[in-house]
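Visitor: I would like to learn how to read a few features of a structure. Please take them one at a time.

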Amino acid sequence: MNFVWYIIIGILSGFVAGKLMRGGGFGIIVNLIVGIIGGVLGGWLFGLVGIYTSGIIGSLITSVIGAVVLLWLVGLLSRAVNK
C-alpha cells in the first residue's frame, strides 16, 4: 500500500511543481517522474538542513519542494545550453 501512496504523492507533487514553475503540468508520466525524483531530492536537501518530515502531508511538501528545485535546475541548464 505504501508504494501506491508514493505514486500518488509523486504525481501530485510533480503536478503542483509544474504549475508553480511553468504554469502547467507535463503529463501524468513526466509528472510522476519529476515528483519521484523531487521527493528524493527534497528528502536529501531537507536532511542536509536537519529537517525531517513525516506523514502524507510532510511527504507531499518535501516532494513539491524537491520537484520545484529540480525544475529550476533543469531551467537553468536549458538556458545555459541555449546561449
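Visitor: With which side chain does the side chain of threonine 62 make a polar contact?

Guide: A polar contact is a pair of N or O atoms within 3.5 Å; within protein, one must be able to donate a hydrogen and the other to accept it, and residues adjacent in sequence count only if both atoms are side-chain atoms. Here the partner of threonine 62 is the side chain of threonine 53, at 3.0 Å. This is a predicted model, in which local features need pLDDT of at least 70 and side-chain atom pairs count only at pLDDT 80 or more, while totals for chains, interfaces and linings use all residues. Residues are numbered from 1 along each chain as its sequence is written, and side-chain values use heavy atoms, with hydrogens and water left out.

Visitor: Is threonine 62 buried or exposed?

Guide: Buried means under 20% relative accessible area, exposed over 50%, and partly exposed in between (1.4 Å probe, protein chains only). Threonine 62 has 7% relative accessibility, so it counts as buried. Its place is in helix H3; helices (H or I, at least four residues) and strands (E, at least two) are DSSP runs, numbered from the N terminus.

Visitor: Which residues does threonine 62 touch?

Guide: Contact means heavy atoms within 4.5 Å. Leaving out residues up to four places away in sequence, threonine 62 touches Gly38, Gly39, Gly42, Gly43, Phe46 and Thr53.

Visitor: Where is phenylalanine 46 found, and what does phenylalanine 46 touch?

Guide: Phenylalanine 46 belongs to helix H2 (residues 28-49). With a relative accessible area of 14%, phenylalanine 46 is buried. Under the same exclusion of residues up to four places away, phenylalanine 46 touches Ile51, Thr53, Thr62 and Ile65. Valine 30 is also placed in helix H2, but at 39% relative accessibility valine 30 counts as partly exposed.

Visitor: How do helices H1 and H3 pack?

Guide: Two packed helices are described by the angle between their axes and the distance between the axes. Axes are lines fitted to C-alpha atoms, for helices over the stretch in contact, and angles run from 0 to 180 degrees between N-to-C directions. Helix H1 (residues 2-22) meets helix H3 (residues 55-82) at an angle of about 45°, with the axes 8 Å apart. That makes H1 oblique to H3 (angles under 35 degrees count as roughly parallel, over 145 as roughly antiparallel, 65 to 115 as roughly perpendicular and the rest as oblique). Among the residues making the contact are Trp5 and Ile9 of H1 and Ile56 and Ser59 of H3.
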